[in-house]
Amino acid sequence: MSSQFDNFDDVYAAAQETPGVILFTASVVADAGTSMARIYTSHPGVYPVGGRKTLGGDTNPVWLEQVLKGQQPFLGADKEAVRAFFFDSATIESLGCGAIVNVPVVSNGETIGSMNFLAPEGSYGQTSVDAAVDIAQRSVPLFEQAIATAN
């Protein structure tokens with residue numbers, strides 16, 4: 001594993017290199033585990049910092065089980081997968097994205113957030129997932145700092 005990142009702009013720069021992104025966001029688990037709060041975004045006009053998604057109504061239960069509870073990355077390799085799992089798929093597609101990798105951010109065995117990498121349909125495979133997982137692991141201190149600052 002490479003060194004840790006100094007800030008989220010550095011994380012975004014790494015994500016642009018590999019796995020490659022059009023849209024990149026980072027969110028923390030918030031509101032006593034009932035929502036995700038965005039702490040970084042490459043597209044603030046569409047997905048602003050501070051935006052929230054509830055984990056009850058807005059989030060696919062299979063995704064919740066895999067990513068947040070199971071602490072495993074999610075790969076949606078095509079528009080069909082994105083449409084099946086994300087209520088905001090029309091917005092995602094309007095940005096030119098049709099593939100997604102979501103990676104849980106885990107600290108001391110607890111899921112504290114997720115990193116979300118989006119690119120054109122067909123852009124992502126296992127190599128992309130591996131690169132995204134590496135970036136997420138190197139970002140744990142930034143997430144911890146964001147949570148500490150918010151509390």
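Okay, housekeeping. Since the model is predicted, local features need pLDDT of at least 70 and side-chain atom pairs count only at pLDDT 80 or more, while totals for chains, interfaces and linings use all residues. Residues are numbered from 1 along each chain as its sequence is written, and side-chain values use heavy atoms, with hydrogens and water left out.

Let's start with the sheet. It's an open one, with six strands in the order S3-S2-S1-S6-S5-S4 and antiparallel pairing. Strands here are DSSP runs of E, at least two residues, and helices are runs of H or I, at least four, both numbered from the N terminus; two strands pair if DSSP finds at least two bridges between them. At the edges you've got S3 (52–54) and S4 (74–76), each pairing on one side only. From one strand to the next the twist averages 20 degrees, with axes fitted as lines to C-alpha atoms (for helices, over the stretch in contact) and angles running from 0 to 180 degrees between N-to-C directions. Zooming in on one pairing, S2 (residues 35–41) and S3 are joined by three bridges and run antiparallel. Serine 35 has threonine 54 in S3 as its bridge partner.

Next, helix H2, residues 61–69. Which residues of H2 are buried? They're Trp63, Leu64, Val67 and Leu68, where buried means under 20% relative accessible area, exposed over 50%, and partly exposed in between, with a 1.4 Å probe and protein chains only. Looking down the H2 axis, the buried residues fall within an arc of 100 degrees, so they line one face of the helix; that arc is taken over directions from the helix axis to the C-beta atoms. The face turned away from the buried side carries exposed Pro61 and Lys69. As for what the buried residues pack against, that's S2, S4, helix H3 (79–85), S5 (99–107) and S6 (110–119), with contact meaning heavy atoms within 4.5 Å.

Asparagine 60 caps the N-terminal end, with a side-chain oxygen 2.7 Å from the backbone nitrogen of valine 62. Just after H2, glutamine 71 takes a positive phi of about 55 degrees.

On to aspartate 88, in the loop between H3 and helix H4 (89–94). Aspartate 88 counts as buried, at 9% relative accessibility. Its side chain makes a polar contact with the side chain of tyrosine 47, at 2.8 Å. A polar contact is a pair of N or O atoms within 3.5 Å; within protein, one must be able to donate a hydrogen and the other to accept it, and residues adjacent in sequence count only if both atoms are side-chain atoms. Not counting residues up to four places away in sequence, aspartate 88 touches Tyr47 and Lys53.

Last, aromatics. How many aromatic pairs does a search of the whole structure find? Eight. Rings of Phe, Tyr and Trp (its six-membered ring) pair if their centres lie within 6.5 Å; planes under 30 degrees apart are stacked, over 60 edge-to-face, the rest tilted. Phenylalanine 8 and tyrosine 40 are stacked, 5.7 Å centre to centre with 25 degrees between the planes. Phenylalanine 8 sits in helix H1 (residues 8–17) and tyrosine 40 in S2, so this pair ties together parts 32 residues apart in sequence. Both residues also belong to one aromatic cluster with Tyr12, Phe24, Phe117 and Phe143.
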